[in-house]
Amino acid sequence: GGSLSDVPLDDAAIVRRASGSDKAPKERDPPPRVPLRRIWGMTAPEYPLYVMGFLFIIVGGLCVPMASMRFAQLINIFNTPPSAFDPIDGVWFPSLNEKDMTEQVSSLCFTLQFIAIMIFVCYSVAGWAFG
């Protein structure tokens, strides 16, 4: 005489025994086919949120290349100092005017901060809209 624990069980039998049911799970009918137009119709109240989310994502996506171009300009200021034209000799010479460079750098830093805030706001609103 053997007990039930001596009988080898397959995975389905183990699941049935753990769930307390000795019956085999019955086959489920496939879900009914629903037209996509009906599903989109059910989400009609959220259309304004979708539009707003897409607009904010587009603006946020455009801000990223703008920030990289501004950052490249910032690096370029330090790599190539501004030039000045000497009207007497008629030649260009490097102008290391610290005041001009400071104004350019601070202007670009302000622009980068503004772009960063725009990116944060755009992605936050889009995340809220798409939930």
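Predicted model: local features only at pLDDT ≥ 70, side-chain atom pairs only at ≥ 80, totals over all residues.
Which residues do ring pairs link into a cluster?

1. The cluster consists of Trp 40, Tyr 47 and Tyr 50, which ring pairs link together. A search of the whole structure finds three aromatic pairs.

2. In one of these pairs, the ring centres of Trp 40 and Tyr 47 are 6.4 Å apart and the planes meet at 40°, so the pair is tilted. The angle falls between the cut-offs, because planes under 30 degrees apart count as stacked and those over 60 as edge-to-face. Trp 40 has a relative accessibility of 45% and therefore counts as partly exposed. Tyr 47, at 34%, also counts as partly exposed.

3. Another pair joins Phe 54 and Phe 130, whose ring centres lie 5.2 Å apart with planes at 65°, so this pair is edge-to-face. Phe 54 belongs to helix 3 and Phe 130 to helix 4, so the pair ties together parts that are 76 residues apart in sequence. Phe 130 has 40% relative accessibility and therefore counts as partly exposed.

4. Helix 3 covers residues 47-79, a run of 33 residues. From its first C-alpha to its last, helix 3 reaches 49 Å, which is close to the 48 Å expected at 1.5 Å a residue.

5. Which residues of helix 3 are buried? They are Gly 53, Gly 60, Cys 63, Ala 67, Leu 74 and Ile 77. Helix 4, residues 98-130, is included in what covers these buried residues.

How values were computed. Residues numbered from 1 in each chain as written. Heavy atoms only, no water. Helix = DSSP H or I, 4+ residues; strand = E, 2+ residues; numbered from the N terminus. Expected span 1.5 Å × (residues − 1). Buried < 20%, exposed > 50% of the residue type's maximum accessible area, 1.4 Å probe, protein only. Contact = heavy atoms within 4.5 Å. Phe/Tyr/Trp six-rings, centres within 6.5 Å; stacked < 30°, edge-to-face > 60°.
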